[in-house]
Amino acid sequence: MLALKKATASVAAAVLLPLAAAGPALAAPSPQPKPHPKPPASMSTVGGALLGKPGTQVRLAGGAPVLPKELTGRSWIVADAESGDVLAAHNAHWRLAPASTLKMLFADTLLPRLPKTRTHLVSTGELARVGAGSSLVGIKEKQSYTVHDLWLGVFLKSGNDAVHALAEMNGGVAKTVREMNERADELQALDTDVVSPDGYDAQGQVSSAYDLTLIARSGMQNADFRAYCSTVRTQFPGEKKPGSKRGTFEIQNTNRLLTGDYGIEPYKGIAGVKNGTTTHAGSTFTGVAERNGRVLLVTVMNPSSAERFAVYKEAARLLDWGFAAAGKVRPVGELVPPKSARTGTTMPTPVTEGGGPVEAAPAGRAEAGSSGAGIALAVVGGVLVVLSGAVFVINRRWPVRRG
């Protein structure tokens, strides 16, 4: 009997030991990855009913290439800058955090208001509201900068410090945010709510691929906007110290499709516009490019790919597809005109005073005789100027802001 009890105990122990070893794993399973968020089932239909539907919208005709497979952006859009036709889109009106692409709206709102030669002395405490971890161009308190300098800091280095200095010149952050929201409403960028003028993550601050494309299209009608967003590198004022001449330091554009770097080739015909990255937004990018006289706009928001610099690579794939598909797809929507185009009122005339030279993109990057972004910009300007000859036709043309 004793031998039987010992044998039974041994068997029980042999059974219980594996169970005990497995116990913690059963009690506390390893965390599962969070599912990717899904777009709303119903979104805005500004620009067309198809743009309000979740998922990819494209209408291929005979001979049209299929969309690239390597697209992971939560939202994206590719559109013709001249006609406003949306060639394809994916969750176009999904309201997402925009990161520094929101600076396009900041520039579109303030560029006409501030003369480029106006000088600003940065006061003590003026930069206190710049968010922790912000991208900075490196402006200093008690130093003077021209508006021209500050815009270079905004566009090339995505400097939140430069944004706050310009907002101060405009009457403060609160006033600037209000005017940016008014500007978004005028452009019919109705997915956009501005909380912070620099795009820094803020509760309730959202935009969409559709809106960012509208905003870029508006901004590109301004010659100063075009020049700043296509500048590859320039000199920025350093800190002036007593008894010595003020020096400068070089800043370079962080738009990798414009400058190249980290294994990314400059995109042929690229002409800007703006990139951005924050913790909440992920990576975002809006770009404009020209090829053989056709100008396309593309926006990509928050790709999930582990591919390095995926936002640029996916934008380039969409541009390649758009140039190949142009004329072979039926539009899925349109970029709507500003409200002023429908009422017959004119857009505000920008202030265009002075400003030193900046280096545009080097020659030799575009096709068909173009010389990189400089020529692409000229084409963009030319294309959009042509639109003013057919003002208010089908509500898809509007006056170009001069300057």
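Helices (H or I, at least four residues) and strands (E, at least two) are DSSP runs, numbered from the N terminus. By this definition the chain holds eleven helices and 13 strands. The structure is a predicted model, in which local features need pLDDT of at least 70 and side-chain atom pairs count only at pLDDT 80 or more, while totals for chains, interfaces and linings use all residues. Residues are numbered from 1 along each chain as its sequence is written, and side-chain values use heavy atoms, with hydrogens and water left out.

The confidence of the predictor in each residue is given by pLDDT, on a scale from 0 to 100. The chain averages a pLDDT of 82, and 76% of the residues score at least 70.

Among the contacts with a separation of 6 or more, 67% are between residues 24 or more positions apart.

A nonpolar core is a set of buried Ala, Val, Leu, Ile, Met, Phe, Trp, Tyr and Cys residues joined through side-chain atoms within 4.5 Å. The largest such core has 66 residues, of which Ile139, Trp151, Phe155, Leu166, Tyr210 and Phe225 touch the most other members. Helix H3 (residues 147-157) gives the most to this core, namely seven residues. Apart from this core lies another, of 28 residues, including Tyr267, Ile270, Ala316 and Ala325. In helix H6 (residues 209-219), eleven of the eleven residues are buried; among them are Ala209, Tyr210, Asp211 and Arg217.

Serine 75 lies in strand S2 (residues 73-80) and is buried, with a relative accessible area of 0%. A polar atom of the side chain of serine 75 lies 3.5 Å from the backbone oxygen of histidine 90. Beyond its neighbours within four places in sequence, serine 75 is in contact with several residues, including Asn91, Trp94, Ala209 and Met301.

Threonine 284, in strand S9, is likewise buried, at 1% relative accessibility. The side chain of threonine 284 makes a polar contact with the side chain of threonine 101 (3.4 Å). A polar contact is a pair of N or O atoms within 3.5 Å; within protein, one must be able to donate a hydrogen and the other to accept it, and residues adjacent in sequence count only if both atoms are side-chain atoms. Threonine 284 and valine 311 are 27 residues apart in sequence, yet their C-alpha atoms are 6.5 Å apart in space.

On a 1 Å grid over the protein atoms alone, a pocket is an open set of points where a 1.4 Å probe fits, with protein on both sides within 12 Å along at least five of seven lines, and lining residues have an atom within 4 Å of a point. The largest pocket contains about 410 Å³ of space. It is lined by 25 residues, and Ser100, Ser135, Gly276, Thr277 and Thr278 are the closest to its centre. Strand S8 (270-278), strand S9 (282-291) and helix H9 (310-325) each give two or more residues to the lining, and the largest share, four residues, comes from S8.

How values were computed
Buried < 20%, exposed > 50% of the residue type's maximum accessible area, 1.4 Å probe, protein only. Contact = heavy atoms within 4.5 Å. Points joined across faces, edges and corners; volume = space filled by probe spheres on them.
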